[in-house]
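Subject: Structure for your files

Hello,

Here is the structure I said I would send. My notes on it follow below.

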Amino acid sequence: MAKPGPISAKPLSVLLSDVFSDAYARQGFAARELVTRWAEIAGPEISAHSEPLKIQWPRPVEGQPQEPATLVLRVEGPMALEIQHTSDVILARVNRFFGWSAVGRLALRQGPLSRRARPAASRAPDAKKVAEVAETLSAVEDEELRAALARLGASIKRN
């Protein structure tokens with residue numbers, strides 16, 4: 001009887017790549033990297049307030065060169081004017097990513113962004129709570145270690 005070979009687990013991204021590719025293709029994206037790497041392409045200032053929705057490709061006319069596409073961005077309401085003023089920069093960055101002049105104009109759609117899971121900034125624990133925890137750490141001889149443990153303890157108690 002033959003011994004079975006090793007079982008190798010495939011990453012989920014490999015298994016679902018066809019599913020995602022089809023979904024992005026329906027929105028006009030040749031590759032999903034424009035959506036998944038939007039923060040790198042557009043930069044942190046622009047990507048914080050916008051996200052690509054789809055690329056609209058014009059119908060080809062026989063005998064004519066292919067017209068560039070329109071990139072449709074969802075933009076937070078107050079930032080739409082700022083994004084519109086930086087449209088040349090965005091187009092240059094997107095076309096640099098593609099390696100050719102694929103996108104010729106932007107179309108903005110105002111609305112809330114679909115992703116809003118930004119981690120909240122951590123704040124320092126209250127000094128009074130740190131002092132209370134530090135009193136219980138008299139067995140720790142190192143002052144810096146005691147202070148660090150007191151801050152950690154106060155943070156844990158706060159949450």
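Ser 50 is in strand β1, residues 50-56 (helices, H or I, of at least four residues and strands, E, of at least two are DSSP runs, numbered from the N terminus). With 0% relative accessibility, Ser 50 counts as buried (buried is under 20% relative accessible area, exposed over 50%, partly exposed in between, with a 1.4 Å probe and protein chains only). A polar atom of the Ser 50 side chain lies 2.8 Å from the backbone oxygen of Ile 46.

This is a predicted model: local features need pLDDT of at least 70, side-chain atom pairs count only at pLDDT 80 or more, and totals for chains, interfaces and linings use all residues. Residues are numbered from 1 along each chain as its sequence is written, and side-chain values use heavy atoms, with hydrogens and water left out.

There are two aromatic pairs in the structure (rings of Phe, Tyr and Trp, the last by its six-membered ring, pair if their centres lie within 6.5 Å; planes under 30 degrees apart count as stacked, over 60 as edge-to-face and the rest as tilted). One of them is the stacked pair of Trp 57 and Trp 100, at 6.2 Å centre to centre with 15° between the planes. Trp 57 lies in the loop between β1 and β2 (69-75) and Trp 100 in the loop between α7 (87-98) and β3 (103-110), so the pair ties together parts that are 43 residues apart in sequence. Trp 57 is partly exposed at 36% relative accessibility, and Trp 100 is partly exposed at 49%.

Leu 152 lies in helix α9, residues 143-158, and is partly exposed, with a relative accessible area of 47%.

Regards

Definitions and conventions. Polar contact = N/O pair within 3.5 Å; in protein donor to acceptor, adjacent residues only side chain to side chain.
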